[in-house]
2 protein chains.
Amino acid sequence: MAHLLDAPAAGAAAADWDRRDPREVRRACRSRGYTGYTAGLAPGHVQANLCMLPKDWAEDFLLFCQRNPAPCPLIARSDPGDPRLPTLAEDLDIRTDVPRYHVFRDGAFVEEVTDITSLWRDDLVVFALGCSFSFEEALLDAGLPLRFLERGSVAGVYVTDIDAKPAGRFHGKLAVTMRPFKPVDAIRAIQVTSRFPNVHGAPVHIGDPAAIGVDLAVKYKNVGDGTVEPGELPLFWACGLTPQLAVANAKPPFCITHAPSSMLVTDLRNASLAVL
Amino acid sequence: MAHLLDAPAAGAAAADWDRRDPREVRRACRSRGYTGYTAGLAPGHVQANLCMLPKDWAEDFLLFCQRNPAPCPLIARSDPGDPRLPTLAEDLDIRTDVPRYHVFRDGAFVEEVTDITSLWRDDLVVFALGCSFSFEEALLDAGLPLRFLERGSVAGVYVTDIDAKPAGRFHGKLAVTMRPFKPVDAIRAIQVTSRFPNVHGAPVHIGDPAAIGVDLAVKYKNVGDGTVEPGELPLFWACGLTPQLAVANAKPPFCITHAPSSMLVTDLRNASLAVL
């Protein structure tokens, strides 16, 4: 997997715009053809997972998020048909401001696009969910090593045998990401991420992977780094893949998400999400 | 080991005084001959480990506490020769208000007494250190099981191979207490105890005992419960035995401590020690 922090600025020269400014990132997506990864862009700012669903699926999904706050930390929801999320950024237009989108019909992936203006519907409701980039920044700020970044990868992604709490038509297993730490760093990582409940919060599990039905060698779509060195403990955080699995199970007739690792970049500061 | 919470009110009938009132507990020690354990007395109130040293040893010990805040969380220090600790209780007289005391000369235990008025010296400095009773109450309040209590024991006590930071003549190994938890409870226990840095705070280790030089079967003086059930992780907290070991190594000519499990009961509320 490509090193996300070194991901090339696909479609636009990096020098064209200020990669540290979230508004500039959105403008690059909107009008300058930026279609790359977003890790490392606008450091210090919240990036969000996206799920857009027709209005008649929105209440069930909202309830799914409410019942599963660790994997589905909802940070904004649009009004039906409204492509704006002003609490995340004043100028935001969700139809154009994300590098790439995935379109699903009846639960199945059908295409990747870089603009959803032509697909927009006046019954679509946008859900923006916090993502682990925010707490990874807090972990790095605390001096904790994230070795998978050094290895040019992301945290290993796994599907557990734990049922997420169902809501209406949405149901599925809890997905997690794994990050290994030495014991003293594991304790610190639990403290640091406990401050950020809106971006998955504290781990949901520590230690034996089998206790949550996980084999570290069997990653979801082989995504990420599942290495645990001698003397380390694996820590497992709830993951934004969980609602995607629930959507795949529910098979709504229409759904749009961000493309993996190409997130919505917001004006919210990561630090503003800390509860203390 | 006797079940501390069911410890008999040695020397005085339990009905004589209100065991829930910290002032009553101290009065019972002072004038009614109470010489029993203090676990379970004055629930909700801070109990303290004690170390009294001659003035010319006090600065080194203060520095040892400052350098080792996890095992030595200092909550009060008296002026030399002053038997009062008014920040812990207005009426407190350290010479009479503890059930039992241990007296050491040149680092060696010489006797257990129930009153130190005749031993008091005008150069003695009293150090009161927070103890794990406070965070155990917080763990129980959070619904976390402390199985050793159900078994009529205390947390297992161990001496690690980690050096405490030396200060002057005081040096020694870090001592810890072990409490086992299921993974999800372990994460919660780290969160809960992180709120209480003045009573040992978060664990210093989680998982493999050998990584800190501990064999769970080899307890310090065989104190406490070292059982870890399948599916549990051992969590290790810094322990007030650490300064006692350092005092034994330093061999001051004179030292008085509380007797094990017979602590100073203060008017401070456990909840008042929480940092958040």
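A salt bridge here is a side-chain nitrogen of Lys or Arg within 4 Å of a carboxyl oxygen of Asp or Glu. With that in hand, welcome to this predicted model. By that rule, 1 salt bridge is found across the interface of domain 1 of chain A and domain 2 of chain A.

- In the domain assignment, domain 1 of chain A covers 4-132 + 249-271, while domain 2 covers 133-243.
- Where they touch, domain 1 of chain A contributes 31 residues and domain 2 of chain A contributes 28 residues.
- Taken over C-alpha atoms, the centres of these two domains of chain A are 22 Å apart.

**How the domains meet**
- About 2600 Å² is buried between domain 1 and domain 2 of chain A, with 62% of that on carbon and sulfur atoms.
- The interface also holds 15 residue pairs in polar contact, both residues of each pair being at pLDDT 80 or more.
- On the side of domain 1 of chain A that touches domain 2, at least two residues each come from strand S1 (45-54), helix H2 (55-67), strand S5 (124-130) and helix H6 (241-250) of chain A.
- H2(A) gives the largest share of that side, 7 residues.

**A salt bridge in chain A**
- Arg169(A) and Asp60(A) join their side chains in a salt bridge, at 3.0 Å from N to O.

Terms used
Residues numbered from 1 in each chain as written. Chains lettered and ligands numbered in written order. Predicted model: local features only at pLDDT ≥ 70, side-chain atom pairs only at ≥ 80, totals over all residues. Heavy atoms only, no water. Domains from an automatic or database assignment. Contact = heavy atoms within 4.5 Å. Buried area = accessible area lost by both parts, 1.4 Å probe. Polar contact = N/O pair within 3.5 Å; in protein donor to acceptor, adjacent residues only side chain to side chain. Helix = DSSP H or I, 4+ residues; strand = E, 2+ residues; numbered from the N terminus.
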